[in-house]
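Visitor: Could you walk me through this model, one question at a time? I have the structure open beside me.

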Amino acid sequence: MTFKTTCCYCGVGCGILVDQDRQGRLTVKGDPEHPVNKGMLCSKGMNLHHTLIDQSDRLLYPEMRYARNLPKHRVTWNTALERTAAVFTTLIKKYGPDSVAFYASGQCLTEEYYVVNKLMKGFIGSNNLDTNSRLCMSSAVAAYKMSLGEDTVPVAYDDIELAECIFVAGANPAWCHPIIWRRVEAARLANPDLRIIVSDPRITQTATMADLHLQLNPGTDITLHHAIGRCLIENGDIDRSFIENHSEGFEEYRENVFARTVEEAAAICGLGTDEIREAAAMIGKARSFLTMWTMGLNQSSVGVQKNLSLINLNLVTGQIGKPGSGPFSLTGQPNAMGGREVGGLSNLLPAHRDLSNARHREYVEKFWGGGKIASTPGLTATEMFDALHDGRLKAIWIMCTNPLVSLPDARFAEEALRRAKFVVVQDISNKPQSLGFADVILPAAGWTEKTGTMTNAERRISLLEKVMEPPGEALPDSEIICRFAAKMGFEGFDYTSPAEIYREHAALTKGTNIDISAVDHELLREKRSVQWPYLRHLDGYGTARIFLDKKFSTPSAKAVIHSFPDHNKSETLTTEYPLVLTTGRIRDQWHTMSKTGKVSRLKQHVRDAFLEIHPDDAAERGILDNNIVEVTSRRGNVRVKAKLTHSIKKGVVFMPMHWGQVLNSDLNRANNLTNNLVDPISKEPDFKYSAVQICRFAKQ
Ligand code: SF4
């Protein structure tokens with residue numbers, strides 16, 4: 001039997017066919033009919049069935065303990081949820097609704113996101129619902145809103161084949177969004193005139209394919225983008241008609257980017273002026289221009305400004321709202337976009353409504369039929385752990401995420417959980433370290449064990465069908481949340497299926513710019529996938545491109561070109577900590593390895609954590625290739641093997657973010673080192689710039 005589903009790893013959203021033979025054996029292959037991947041899969045997707053075959057790490061039944069010094073023991077779902085509801089009710093009564101929080105994940109299905117958001121904001125009465133998407137996409141969300149008036153990715157994957165110039169900034173899609181990159185590779189073969197620019201301090205797989213690799217100093221992206229903007233203006237390669245009729249803020253921008261000469265900018269970025277001018281010429285000559293970016297821009301103390309400075313290049317050239325052109329933030333997680341649809345961050349409301357708008361809050365309150373929605377944003381991901389640390393937050397419910405590996409300054413996060421009064425962990429795996437701090441453990445159903453939807457980076461909604469029963473007593477996340485809501489005494493959570501939850505979510509989007517009120521599970525079964533907004537009367541597959549009419553969602557209907565200085569606000573380098581640590585992914589692992597870590601084939605690429613260091617920096621410290629090195633920062637330390645490589649800029653080191661799961665040693669966890677600075681608007685952490693020192697570890 002064959003089931004249609006979607007890959008549960010990255011935001012590309014590849015269609016997958018899961019085959020189950022008569023003996024129950026599972027295999028996966030790319031769905032040739034899915035418009036995203038047309039049958040292709042990357043190494044992670046191709047090996048997904050191995051994560052289903054090995055169930056040895058699964059949580060099978062609820063567990064609980066009455067005090068931190070007592071062991072956990074198996075309990076029934078009723079007991080676990082009744083106890084949790086009793087603790088939450090007591091804390092809310094004593095300290096108010098903001099004393100509790102849910103920390104969820106961009107890997108949750110839209111239906112799961114929807115019910116937890118509804119429960120927290122509409123019934124508990126606090127906006128303390130945030131997700132790990134805060135760690136990857138929140139800077140892009142803020143920048144889209146500020147420049148285009150709405151959190152809307154205006155382009156589609158089909159624009160890749162139509163672009164004449166693609167600028168990939170702070171991203172390595174060849175490894176992290178492989179199927180998108182294969183489309184870029186194919187587009188280049190088909191169109192020899194396509195020009196690819198990559199900016200990255202590392203010579204990544206993506207950078208090796210570029211026509212122009214701008215190997216800039218970390219933290220200098222805004223300077224680079226401003227300098228390119230200046231060159232475009234000097235060369236007359238701007239779109240005056242678009243600027244005059246469809247944008248605002250150009251004059252300030254011109255002044256802003258002319259504040260620095262190209263020579264000054266080049267010196268700051270560590271680039272040649274010719275490289276900056278060449279990039280501007282490539283962009284200026286192209287009739288269609290796509291910008292793509294991910295964490296290199298987002299995960300920064302000035303992440304929103306980095307995003308805006310790149311989007312400005314689309315705006316001044318008028319390369320938006322037409323085929324092959326536009327600013328394309330590549331979503332990291334498989335359903336970060338679905339989370340944004342339902343308002344699943346602590347500062348959002350469903351269907352891109354505005355939390356600060358009283359009319360919007362009233363509309364959602366009435367629709368849900370619960371209580372008042374608080375007007376102030378709730379705690380963000382890192383703020384939750386700050387608040388646990390200092391006692392403002394008493395209880396946290398961690399759902400489908402592994403914060404003690406993925407949050408910055410992980411040892412601080414660990415201490416925060418130690419200080420929490422009450423911790424609930426809802427997960428599929430028995431691996432996350434947060435389980436060690438849990439008072440209640442709830443086993444969740446995983447990929448293929450439940451039905452629901454996800455929305456990928458190009459706003460494409462796909463259905464993920466249930467293929468098999470979850471092991472033991474594990475339940476779908478949405479069912480866990482709904483059962484808990486009932487225990488809290490709330491009405492409106494008695495859904496009979498995920499399809500019913502989806503219908504309610506879709507109805508709440510009616511009349512908004514992301515209208516999917518005509519979409520339901522049946523339609524998705526029939527059409528395989530559609531892009532929002534989707535209006536039934538169009539009888540197609542939804543909306544591939546937004547802003548074709550050049551009317552933006554700002555009050556003036558014009559896109560806003562923002563101006564700001566180019567200062568980086570990351571941690572300062574000193575003689576004690578003179579090197580910049582940047583963290584990121586490798587090709588064959590996903591996030592904290594709770595799934596990919598089970599597949600031995602995926603370890604063949606890279607087996608252990610490592611530190612990339614330039615040979616000159618290594619020589620200064622007497623470090624040889626494969627030596628164990630101790631890396632220290634103001635927060636902590638790690639001990640890993642050094643990998644000497646000319647592919648990283650001198651003064652910069654790189655460590656993958658995946659490792660750190662081992663309970664008896666955290667010395668391969670990159671986030672022992674990362675700093676807790678966040679962007680002031682998006683509150684996204686600065687994972688790409690931490691000051692560190694390296695030395696050869698003595699005992700070897
Ligand atoms: Fe899965 Fe992303 Fe690979 Fe596609 S590109 S198979 S969505 S991990």
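Guide: Helices (H or I, at least four residues) and strands (E, at least two) are DSSP runs, numbered from the N terminus. This is a predicted model, in which local features need pLDDT of at least 70, side-chain atom pairs count only at pLDDT 80 or more, and totals for chains, interfaces and linings use all residues. Residues are numbered from 1 along each chain as its sequence is written.

Visitor: What is the mean pLDDT of the protein?
Guide: pLDDT is the predictor's confidence in each residue, from 0 to 100. For the complex, the predictor gives a pTM of 0.96 and an ipTM of 1.00. In the protein, 99% of residues reach a pLDDT of 70 or more, and the mean is 95.

Visitor: Which strands stand at the edges of the five-strand open sheet?
Guide: The pairing in this sheet is parallel, and the order is β10-β9-β8-β12-β13. Its twist averages 15° from one strand to the next. A single partner strand is found for each edge strand, so one side of each is left without a neighbour in the sheet; these are β10 (212–214) and β13 (326–329).

Visitor: What is the bridge partner of Ile166 in β12?
Guide: Strands β8 (residues 165–169) and β12 (residues 289–293) pair in the parallel sense, over five bridges. Within β12, Ile166 has as its bridge partner Leu290.

Visitor: At about what angle does helix α13 run to β10?
Guide: Axes here are lines fitted to C-alpha atoms, for helices over the stretch in contact, and angles run from 0 to 180 degrees between N-to-C directions. Two residues are in contact if their C-beta atoms, placed from the backbone, lie within 7 Å. Helix α13 (residues 273–285) lies across β8, β9 (195–199), β10 and β12, and its angle to β10 is about 130°.

Visitor: How many residues of the shell around the ligand are charged?
Guide: A residue is near a molecule or strand if its C-beta atom, placed from the backbone, lies within 6 Å of it; 14 residues surround the ligand, the closest being Cys7, Cys10, Cys14, Cys42 and Gly45. Domain 1 and domain 3 each give the shell at least three residues, while α1 (43–46) and α7 (178–190) each supply at least two. Ala, Val, Leu, Ile, Met, Phe, Trp, Tyr, Cys and Pro count as nonpolar, Asp, Glu, Lys and Arg as charged, and the others, Gly among them, as polar. By these classes the shell has nine nonpolar residues, four polar and, as charged residues, one.

Definitions and conventions:
Domain bounds come from an automatic or database domain assignment. Two strands pair if DSSP finds at least two bridges between them.
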